[in-house]
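Q: Hey, could you walk me through this structure? I'd like to start with a single residue and work up from there.

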Amino acid sequence: SFVQGTGLYFDHHSGNQPKGFTVPGRWENAHCAAEIIYEYFKDVCDLSKFRDLIPTLGKFDYGTISLEEFATPNELTRLALAVDRNDNQFNIHLIGLLATKSWQEVWADPKVAERIAKADRSRVEYNEYLKFHSRIINNIGIIDNRKYLGGTMHAFFVSTLFPDIDAIVMIKVENDQVKFT
């Protein structure tokens with residue numbers, strides 16, 4: 001959601017649509033914020049390097065990535081899974097690379113390569129964890145993440161492991177409180 005004082009705001013989630021005020025930037029109904037940012041800046045600077053990525057980012061961000069695409073992720077999806085929104089140091093490093101380097105140089109960067117490898121390992125570990133901490137009841141996946149101490153937990157991982165479920169309930173501890181998502 002919009003935070004007062006934000007320099008530029010770009011979002012596409014309906015729940016984050018500013019109501020009753022104008023934001024610096026743009027809210028738009030789209031598959032991903034990258035699409036909105038691209039359209040906003042495409043006449044100001046050359047973003048052609050990123051044009052072909054927007055459909056993939058949209059699938060990931062909008063949740064329309066197929067189970068097959070997620071089970072066998074391309075480099076961009078692997079990179080997206082390696083990004084941690086709370087790791088500003090890595091994110092600034094990655095932005096610098098994306099702005100100045102070729103895709104081959106980005107993938108070959110030691111920090112990026114290590115982060116992707118770490119995310120790949122985390123994915124394998126979480127899949128193993130899921131096998132012992134998941135229950136399927138009436139086609140609803142109940143995932144108890146309270147004992148998971150590893151990396152990223154994501155419903156996409158659950159859907160890949162249990163493709164026939166209709167819904168997912170994830171139990172986790174956040175700020176010393178048990179939460180259900």
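Predicted model: local features only at pLDDT ≥ 70, side-chain atom pairs only at ≥ 80, totals over all residues.

Q: Okay, where is N91 found?
A: N91 is part of helix α6, which covers residues 88–100.

Q: Is N91 buried or exposed, and why?
A: N91 has a relative accessible area of 15%. Buried means under 20%, so N91 counts as buried.

Q: And what is N91 in contact with?
A: If you skip neighbours within four places in sequence, N91 is in contact with V83, D84 and R85. With D84 there's a bit of detail: a polar atom of the N91 side chain lies 3.0 Å from the backbone oxygen of D84.

Q: Which strands is β4 joined to?
A: One is β3 (residues 134–137), which runs antiparallel to β4, with four bridges joining them. Another is β5 (residues 167–174), which runs parallel to β4, with five bridges.

Q: What stands opposite I142, then?
A: R135 stands opposite I142, and in β5 I142 has V169 opposite.

Q: How many residues sit between the strands in the β3 and β4 hairpin?
A: Two, and N138 in that hairpin takes a positive phi near 50°.

Q: And what do β4, α9 and β5 make?
A: A right-handed β-α-β unit, where helix α9 is residues 155–161.

Q: New topic: how many aromatic pairs are there?
A: The count comes to 11. One of them is Y126 with Y129: their ring centres are 6.1 Å apart and their planes are at 10°, so the pair is stacked.

Q: Where do Y126 and Y129 lie?
A: Both are in helix α8 (residues 110–132), three residues apart, or about one turn of the helix.

Q: Last one: which charged residues lie over rings?
A: Among them are K49, which lies over the face of W103 at 5.3 Å from the ring centre, and R115, whose charged end sits over the ring of F90, 4.1 Å from its centre.

Methods: Residues numbered from 1 in each chain as written. Heavy atoms only, no water. Buried < 20%, exposed > 50% of the residue type's maximum accessible area, 1.4 Å probe, protein only. Polar contact = N/O pair within 3.5 Å; in protein donor to acceptor, adjacent residues only side chain to side chain. Contact = heavy atoms within 4.5 Å. Pairing = 2+ DSSP bridges. Right-handed = clockwise from strand over helix to strand, strands pointing away. Phe/Tyr/Trp six-rings, centres within 6.5 Å; stacked < 30°, edge-to-face > 60°. Lys NZ or Arg CZ within 6 Å of the ring centre and 35° of its normal.
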